[in-house]
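Please keep the sequence and the structure in view while reading.

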Amino acid sequence: MAPKEKAIISKCMLGYRCRYDGKSKPLPPEVIKKIEEKFELIPFCPEEVALPTPRPPARFIGDKIVDIYGVDKTPQFLQGAREAVKLAKEKGAVAFIGKEKSPSCGINLTSAYINGSECKCKAKGLTSRLMEENGIKLISEWEFYPPER
Ligand code: SF4
């Protein structure tokens, strides 16, 4: 049997407690099993590279990523995104399986602050954007676990 292709996956979806609130957002075990049938998974959290856990939630304001206290965290998010791409290249990963609505890992939706309101907008997170620019295929968690349940 041919070896499976490798994919970087948002670590919080595998049960790691790396989210801004110190919690995880695990996919059901049967969904993880389905993903693992296709890919050899490499768990990674880009926000843990340069930020603590827990940390204040952050979202896009224009091209910057700013936390809820108004602190510009774009450099830290960018550092994490670059590390994610570096890891993907080192490991020969062909895909990035991302957690939706995250300012780092969102594939279809990301967190934003627009016209004075918090919202989820149709855009990619920073890590996802950088992955795509580097030829890594983006796969939403929703391809395996659709939101309409
Ligand atoms: S940055 Fe990505 S991997 Fe880390 S907690 Fe947020 S969604 Fe999960």
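## The exposed side of helix α3

On one side of helix α3, the residues P75, K86, K89 and E90 are exposed. Helices are DSSP runs of H or I with at least four residues, strands are runs of E with at least two, and both are numbered from the N terminus.

This is a predicted model, in which local features need pLDDT of at least 70 and side-chain atom pairs count only at pLDDT 80 or more, while totals for chains, interfaces and linings use all residues. Residues are numbered from 1 along each chain as its sequence is written.

Helix α3 covers residues 74-91, 18 residues in total, and reaches 26 Å from its first C-alpha to its last. This is close to the expected 26 Å, a span defined as 1.5 Å times one less than the number of residues. Just after the helix, G92 has a positive phi of about 75°.

The residues F77, G80, A81, A84, V85 and A88 of α3 are buried. Viewed down the helix axis, the buried residues fall within an arc of 135°, so they line one face of α3; the arc is that of the directions from the helix axis to the C-beta atoms. An α-helix has 3.6 residues a turn, so residues three or four places apart point the same way. The buried residues of α3 pack against several elements, among them β1 (5-10), β2 (39-44), β5 (93-98) and α4 (126-133). Contact here requires that the C-beta atoms of two residues, placed from the backbone, lie within 7 Å.

## M131 in helix α4

M131 belongs to helix α4. It counts as buried because 26 C-beta neighbours lie inside 10 Å. Leaving aside residues up to four places away in sequence, M131 touches A84, V85, A88, F96, I136 and L138.

## The overall fold

The protein has 4 helices and 8 strands, in the order β-α-β-α-β-β-α-β-β-β-α-β from the N terminus. Its radius of gyration is 15 Å, close to the 15 Å given by the globule rule for 149 residues, so the protein is as compact as a globular protein of that length. The radius is taken over C-alpha atoms, and the rule is 2.2 Å times the number of residues to the power 0.38.

Along the principal axes, the C-alpha trace spans about 55 × 35 × 25 Å. Of the 149 residues, 37% are buried. Among contacts with a separation of 6 or more, 63% are between residues 24 or more positions apart.

## The surroundings of the ligand

The ligand is surrounded by S10, K11, C12, C18, R19, C45, P46, E47, K99, S102, S104 and C105. A residue is near the molecule if its C-beta atom, placed from the backbone, lies within 6 Å of it. This shell divides into 5 nonpolar, 3 polar and 4 charged residues. Ala, Val, Leu, Ile, Met, Phe, Trp, Tyr, Cys and Pro count as nonpolar, Asp, Glu, Lys and Arg as charged, and the others, Gly among them, as polar.

## Backbone features in loops

T53 and P54 are joined by a cis peptide bond with omega of about 0°, and P54 lies in the loop between α2 and β3 (58-61).

K101, in the loop between β5 and β6 (109-114), has a positive phi near 75° although it is not glycine. K101 is partly exposed, with 19 other C-beta atoms within 10 Å. N115, in the loop between β6 and β7 (117-122), has a positive phi near 50°. With 5 C-beta neighbours inside 10 Å, N115 counts as exposed.

Terms used:
Buried ≥ 20, exposed ≤ 12 C-beta atoms within 10 Å, placed from the backbone.
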